[in-house]
Amino acid sequence: MLAESNVMKKHTAPVDEEKPMKMEQVSNTCFAVLNEKNRVCDANSGLINVGGGMVIDTQSDLPHARQMIEMFGKVWSGMPERVVNTHEDSDHVFGNQLFQGAEIIGHRSLPERMKTVAEPTELQHMMQAAADPVTGPQLKAMHPGLSAAANQLSEDYDFSGVELIPPTTLFDDRLEVTLDDVEVHILHVGPCHEVGDAIVWMPKERVLFAGDVLFRLCTPMGWVGTFEKWFETLDMITNELKPDVIVPGHGPVCGLEGVTEMKAYLQYVRNESRHFFDNGVAASEAARRIDLGPYADWLCPERIYMNIERAYREFRGEPFDQPWEQEKTFDEIYGVALARGIVPTF
Ligand SMILES: [Zn+2]
């Protein structure tokens, strides 16, 4: 009953009214819808408003996707003909089904990867288990971090009704699309944050939709990829593309300073991790002890656990695509927050 009444409530008020989604125009033809709360799942979407329209990333659930459509709808003449998924994570693909008839574009790895990391029934079951009066307390006792993450998600999200809709136009290295006379380059740059990482580059307007290769003012969550590939991509953006405006996957619109800071963060975490690793300190302990320096003010600093653990995996010579155990990951992040005396935020 509890779960049901939650669902009812969320349909009417899916978004935190104090920090709502907002639309921002970033160039002549480009717009962004930004999730200002900026916690996990609060991803951004983009719109290239020319040549039939192209939407970049489709939000984490249907209420947010509908709100994004409503916001972009103020400037477009009709539903866009193309959608790009910048990678396989649920917060970038769960609104795909609302774009019926659109060409959905993504890296070749996405259809398979989405089955692994963006299967809606898994999230739906997790949310039900956390909200249930019997299984909720059990989950909290066994996996306090996962339980806290589910409770946080239930404040903003309702995953019911989401269906897995993978892209059907698949590309390997790059895909170039011309919208009227506007060139759009979709470039595969992964694995940095995920296997299918792609960025959407508009060379004339110098606008970049970076997907989760860029988190801005919030702690990045690196899932499947390598530090080296991530550095290479950030360097390519800085030295070759040189965008004027960047819409990150998470966080506010920025310029190249966002890329510079992101690279500095990743370098710092990897260097410090090496030091802890060489001294036999476990990743979870290193996440409790590392000096957060200037990054303490980034949202969800406790997510640093994931970046340290990923560095450790590399130091141990483990494969970059070794799967994450969701329960353990969120429990560790939760533990880091408590040890640091901060309110756990995911
Ligand atoms: Zn994301």
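Helices (H or I, at least four residues) and strands (E, at least two) are themselves DSSP runs, numbered from the N terminus. Before we set off, please note that this is a predicted model, in which local features need pLDDT of at least 70 and side-chain atom pairs count only at pLDDT 80 or more, while totals for chains, interfaces and linings use all residues. Residues are numbered from 1 along each chain as its sequence is written.

Let us start with the whole chain. It contains 12 helices and 12 strands. The radius of gyration, taken over C-alpha atoms, is 19 Å, close to the 20 Å that the globule rule gives for 346 residues, so the chain is as compact as a globular protein of that length. That rule is 2.2 Å times the number of residues to the power 0.38. Along its principal axes, the C-alpha trace spans about 55 × 50 × 35 Å. Of the 346 residues, 48% are buried, a word used here for a residue with 20 or more other C-beta atoms within 10 Å of its own; a residue with 12 or fewer is exposed, one in between is partly exposed, and the C-beta atoms are placed from the backbone.

The chain is divided into two domains, with bounds that come from an automatic or database domain assignment. Domain 1 covers 2–117 + 161–256, and domain 2 covers 265–340. Their C-alpha centres lie 26 Å apart. Where they meet, 17 residues of domain 1 are in contact with 16 residues of domain 2. The domain 1 side of this meeting divides into 11 nonpolar residues, five polar and one charged. In this count Ala, Val, Leu, Ile, Met, Phe, Trp, Tyr, Cys and Pro are nonpolar, Asp, Glu, Lys and Arg are charged, and the others, Gly among them, are polar.

Now follow the strands from β1. Strand β1 (residues 21–25) runs antiparallel to β2, joined by five bridges, and the two form a hairpin with four residues between them. Within this pair, Lys-22 stands opposite Leu-34. Strand β2 is mostly covered, with six of its six residues buried. Cys-30, Ala-32 and Leu-34 point one way from β2, while Phe-31, Val-33 and Asn-35 point the other way.

On we go to β3 (residues 45–48), where Ser-45 and Leu-47 on one side and Gly-46 and Ile-48 on the other are all buried, leaving both faces covered. Four bridges connect β3 to β2 (residues 30–35) in an antiparallel arrangement, and Val-33 stands opposite Ser-45. Strand β4 (residues 54–56) is also antiparallel to β3, over three bridges, with Ile-56 as the bridge partner of Gly-46. This β3 and β4 hairpin has five residues between its strands, and there Gly-51 takes a positive phi near 60°.

Four of its five residues are buried, so β6 is largely enclosed by the rest of the structure.

Helix α7 (residues 144–156) includes Pro-144. This helix of 13 residues reaches 19 Å from its first C-alpha to its last, close to the 18 Å expected at 1.5 Å a residue, the expected span being 1.5 Å times one less than the number of residues. Its buried residues, including Leu-146 and Leu-153, pack against α5 (120–131), α6 (135–142) and α12 (326–340). Pro-144 is partly exposed because 16 other C-beta atoms lie within 10 Å. Leaving aside residues up to four places away in sequence, Pro-144 touches Asp-331 and Tyr-334.

In helix α2 (residues 62–72) you will find Arg-66, which is partly exposed, with 15 other C-beta atoms within 10 Å. Arg-66 and Gly-95 are 29 residues apart in sequence and 8.0 Å apart in space, C-alpha to C-alpha.

Definitions and conventions: Two residues are in contact if their C-beta atoms, placed from the backbone, lie within 7 Å. Two strands pair if DSSP finds at least two bridges between them.
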